[in-house]
Amino acid sequence: MSSNSMIASLTPLLCKSKLSIIDERTIDTKNSFPSPANFPSRVISCSLSRYPSITLPKSCSVRYSVSSLGQNNMVDSNHGDEDEDEDEEKQNKSSYTKNINIRSLVDTVVKVFCVRAFQNYTCPWLMEEEESFRSGFIISGRRVLTSARAINLHMEVKLKRKNSDTWFTASVLALAYESDLAILTVNDDKFWEGVKPVDFGDMPAPKEKITVIGYPHMRDFVSVTESRVSRLGMTRYESWEASLLAFKVNVAGDEGKVGGPVFNTRGECVGLILQWIDDVTTVVPTEVIKHFIQDYDENGAHTGLPILAIKWQKMESFSLRVFMKMEPDQQGVLITEVNPNYPEFEVLKPYDVILSIDGININNDGTVPFKRGRRIEFSYLITRKYKGDKVAFRVLRDSKIHEFITELPTHKQFVPANTTGMPLPYYIIAGFVFTTLSVSYLQVVDERYLNWKIPDEDEVLSEALYEERVVLCKVLKGDITTGYEAEEEVQNQVIVAFNDRPVKGLKSLVSMVESCDEEFLKFTLENHKILVLRTSIARARTRDILNSYRIAGAMSYDLKE
């Protein structure tokens, strides 16, 4: 039976039932039901409240959609092999068993509601509220795992279970921005009644069947979609731009499903929905999740993921290997740069060849052995470690082999300070507005000022670990700032010095400016330009500018302490 014939046979039945969605789009049931020819060729999903099940032709595969009212619905999917001759009774029995498993998995999923502070990076004294809905799922220890972006800048977080209209207030236990993970909990015992946490499984293999579950954007039902793993490897996470282990599935992205679980055919959770591009969704695997949970269990907080602060290139060129005096049986990667102020800077040098890490040899293409006979980028070895762990390098330098052991650090200065929805810290003197630099700030600036010179992220991240970077985020127009209106030259630039003294943070800058008794205020930018104001005039004009722009104070409350 063709797909159109099958749909035609079901049309009378569908018309008699309560139709809620088709292909996850709302349909006006008052209008005439669309003809079979008008149905899209891809997945058609519908929620039926009158008929508990429909027997589909054996040539069709099955997808499930479970509404918040607890209705389980079979859904027509793509064409199967029409020549396939399976026993129909066996197929129905298999579907029923699968039906029970799906329901148990869906029960672990929760809806995450967050009221967050919308931060204005050009006018940091302003703060607006916005609401968002994401997904999460229950893990052991009366905890819920979700995406860090789901509750970033939170002012209020609430959770709701399937088949419930009650929202429970949640508290945030830990956030990991590098891996985009967060752990929540609820103090109310009623939330945990009858719940069963997920069981974690191993990393799935390419082409392995998986099930993706989550709440679609602005919907109050749980969507369940079957797919297969398309590929796996080191992937750049958009939330932090960190490169971590991930796998991809051919499932259309949905903002509401972010934070939802992914299960294998054994009902084990193998990942969390991270991000998507078109019809490809990226998943955080359980290896990264377990690393985060163990870090929290042992330290009571997320201590950060370690990094290897180097830049490198592959050694696949025969001429390059000969030039670096490598033996025929030697393989590795070439270090091109070592970031200062990191422990590696003391032992590793540019144009060293890293032969192995912790005794694991690195191929010329930069890969090391991975699971099931596969290979993966060697940076994977570093992401498995914790802050403060030791790492052993075997390097080739000037035709001699050296072995070094060093401690792995983390990016401390780029941990966002406003995770709880507090206003951005800011300081205004005359018409210059200063705030702190962060990854999220850079992401916003990149989008707004695509062709303007902005702080280079690699350069910023290579600065001292404990420094808080200060940036000039806006120049307010006024007579005192005349001559500094060329925003592309000064705005969004890092402040490196004030009156020739280094700026180590926003509080440091405020203290130096407020206590300055010199005739001029001199700000040195990272692009080597300088901004100069006469001290007496700058202080006198600050209040006038604040009144003109209706700004309550010259600095945020946290800087007044």
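Trainee: How many disulfides does the count come to in this structure?

Mentor: A disulfide is a covalent bond between the sulfur atoms of two cysteines. This is a predicted model, and here the count comes to 0 disulfides.

Trainee: Which cysteine sulfur is closest to that of Cys473, and how far away is it?

Mentor: The closest cysteine sulfur belongs to Cys123, and at 7.8 Å it is too far from the sulfur of Cys473 for a bond, because a disulfide needs the two sulfur atoms within 2.5 Å. Cys473 counts as buried, with a relative accessibility of 0%, and Cys114 is likewise buried at 0%.

Trainee: Where does helix H4 lie, and how should I read its length?

Mentor: An α-helix has 3.6 residues a turn, so residues three or four places apart point the same way. Helix H4 covers residues 286-299, and its 14 residues reach 20 Å from the first C-alpha to the last, which is close to the 20 Å expected at 1.5 Å a residue.

Trainee: Which residues of H4 are buried?

Mentor: The buried residues of this helix are Thr286, Val288, Ile289, His291, Phe292, Ile293, Asp295 and Tyr296. After H4 comes Gly300, which has a positive phi near 75°.

Trainee: How many salt bridges does the structure hold?

Mentor: The structure holds 21 salt bridges, and one of them joins Lys160 to Asp220, with the closest N and O atoms 2.9 Å apart. Lys160 lies in strand S8, while Asp220 lies in the loop between strands S11 and S12, so the pair ties together parts that are 60 residues apart in sequence. Lys160 counts as buried at 7% relative accessibility, whereas Asp220 is partly exposed at 32%. Both residues also belong to a network of salt bridges that links Lys111, Lys160 and Asp220.

Trainee: What does the salt bridge between Asp500 and Lys522 tie together?

Mentor: The side chains of Asp500 and Lys522 meet at 3.0 Å, N to O. Asp500 lies in the loop between strands S28 and S29 and Lys522 in strand S30, so the pair ties together parts that are 22 residues apart in sequence. Asp500 counts as exposed at 58% relative accessibility, and Lys522 as partly exposed at 25%.

Trainee: With which residue does Glu519 form a salt bridge?

Mentor: Glu519 forms a salt bridge with Arg534, and their closest N and O atoms are 2.5 Å apart. Glu519 lies in the loop between helix H10 and S30, and Arg534 in strand S31, so this pair ties together parts that are 15 residues apart in sequence. Glu519 is partly exposed, with a relative accessible area of 49%, and Arg534 also counts as partly exposed, at 37%.

Notes
Residues numbered from 1 in each chain as written. Predicted model: local features only at pLDDT ≥ 70, side-chain atom pairs only at ≥ 80, totals over all residues. Heavy atoms only, no water. Buried < 20%, exposed > 50% of the residue type's maximum accessible area, 1.4 Å probe, protein only. Helix = DSSP H or I, 4+ residues; strand = E, 2+ residues; numbered from the N terminus. Expected span 1.5 Å × (residues − 1). Salt bridge = Lys/Arg side-chain N within 4 Å of Asp/Glu carboxyl O.
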